[in-house]
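Let's take a walk through this structure together, one piece at a time. Have the sequence and the 3D view ready.

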Amino acid sequence: MKNERKNMIFIDACFGKKTPYTPVWMMRQAGRYLPEYMEIRKKVGNFLDMTKNPEIAAEVTIQPVRRLNVDAAILFSDILNLPMEMGLPLRFEKGVGPVFEKTIDNEEDIEKLDSNADKKISYVYEAVKLIRAELDREKALIGFAGSPWTIATYMVEGRGSKQYAKIKKIVYTNPMMLHRLLAFNTKETIEYLSSQIEAGANAVMVFDSWGGALERDKFFEFSWNYMKTIAKEIKEKYPDVPVILFSKGVGLYMSDMDGEFDVLGVDWNTPIDYALGIFKDNYTLQGNMEPTRLYSKSATKEAVEKIASVMKGHRHIFNLGHGILPDVPVENAKYFVDLCKEITAK
Ligand SMILES: Cc1c2[nH]c(c1CCC(=O)O)Cc1[nH]c(c(CCC(=O)O)c1C)Cc1[nH]c(c(CCC(=O)O)c1C)Cc1[nH]c(c(C)c1CCC(=O)O)C2
């Protein structure tokens, strides 16, 4: 049963194999735009409690597959569950987003972090097992984690930030301390993703939402290098499991991006023809419709046609260029998914 990947179009596309059409899924596809998600959330009352309950996490993961017939499910969880299990209490505040009550301020704080986080988070592995048992065999299950840098931004800043002044001050005044934290996060993340794969995840994705907060050299030093380490170690252990890397806001740094991964997520700020020009078919490119286009079917059609024509004959997985917004009509999301498949059908 484990990691059986027969007839998974999504997995074939990750490896650049020919597929009957270009597979499609959406970042944040398990979430608030779905009435069936809101119904469960109302009952449970709290997002974090949903992520800690394997039955509920499994159900919510599968909802968008049922509703939209996307080619991959992505585990319902959050990139901040892992740092939470390292010993930083987390809450989600309405209108603010995630908030860590305790932050990493100095070396002692790093020392206190719990290196059993990857074991304490076993509710995620339980969810993965349940999902894999229930999900159609042709649908891939994507496990994920935040990048060491992106989770560090939350661990240091305590919440989302506009300037990242606190962590960037450390970049320039105490880089060794930050490297210690990033090395810790990297080790935990490799364990975390490995356990998700052992539980049945068919691919893994690393989300680096705040890579773009760094200038070029610092991005490679503090974010990309650690993502590369994760990819390399996962590929060494699990060569048959595709690794997807996604950094947001770093299109202009792409020419220097390399590593042992299979799929590169392209954000919506980066024209996909520009990314294709750089990478050719060395990686599968995943993306990258502007998510706000989903408010309009004609705007969606325009982008899907353009992306499909650029990527025709090349390694591609359709997706948005960042997460779907909570008030997008479900009907439009369905239109996007159907259209991607229809236009690329061979
Ligand atoms: C930065 C980041 C986070 N979480 C994540 C990232 C990286 C991707 C990105 O850049 O969007 C990743 C994430 N978060 C969630 C998933 C689940 C799988 C999926 O459907 O993509 C994934 C892959 C669920 C979620 N994570 C969150 C929700 C909304 C929770 C709710 O209110 O029901 C979901 C479904 C909450 C969350 N989680 C986070 C924030 C900033 C917020 C609040 C903002 C918001 O409300 O959208 C941190």
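Predicted model: local features only at pLDDT ≥ 70, side-chain atom pairs only at ≥ 80, totals over all residues.

Start with a pair of residues that face each other: Ala-73 stands opposite Leu-141 in β4.

Residue numbers run from 1 along each chain as its sequence is written.

Back to the strands. β1 and β4 (residues 140-146) run parallel and are joined by three bridges. On to the next neighbour: β4 also pairs in the parallel sense with β5 (residues 203-208), this time over five bridges, and there Gly-143 stands opposite Val-204. These pairings are part of an open, parallel sheet of seven strands, in the order β1-β4-β5-β6-β7-β8-β9. The edges are β1 (72-74) and β9 (316-320), each of which pairs on one side only. From one strand to the next, the twist averages 25°, an angle taken between N-to-C directions on a scale from 0 to 180 degrees, with axes fitted to C-alpha atoms (for helices, over the stretch in contact).

Is β4 buried or exposed? Seven of its seven residues are buried; that label means 20 or more other C-beta atoms within 10 Å of a residue's own, with 12 or fewer making it exposed, anything in between partly exposed, and C-beta atoms placed from the backbone. One face of β4 holds Ala-140, Ile-142, Phe-144 and Gly-146, the other Leu-141, Gly-143 and Ala-145, and both are covered.

Now look at helix α9 (residues 148-157). Nine of its ten residues are buried, so α9 is largely enclosed by the rest of the structure. Among those buried are Pro-148, Trp-149 and Tyr-154. Thr-153 sits in this helix as well, and it counts as buried because it has 24 C-beta neighbours inside 10 Å. After α9 comes Gly-158, with a positive phi near 90°.

UniProt, in an unreviewed entry, lists residues 23-32 and 142-158 for "domain: Uroporphyrinogen decarboxylase (URO-D)". The span 142-158 is 59% helix and 29% strand, with its end C-alpha atoms 27 Å apart. Residues 23-32, in contrast, are 0% helix and 0% strand, and their end C-alpha atoms are 23 Å apart.

Of the 22 residues around it, Ala-30, Gly-31, Gly-97, Phe-207 and Ser-209 come nearest.

Finally, zoom out. The protein has 15 helices and nine strands. Its radius of gyration is 19 Å, close to the 20 Å that the globule rule gives for 346 residues, so it is as compact as a globular protein of that length; the radius is taken over C-alpha atoms, and the rule is 2.2 Å times the number of residues to the power 0.38. Buried residues make up 48% of the 346.

Technical notes:
Pairing = 2+ DSSP bridges. Helix = DSSP H or I, 4+ residues; strand = E, 2+ residues; numbered from the N terminus. Near = placed C-beta within 6 Å. UniProt positions renumbered as here; feature names shortened; annotations may be inferred.
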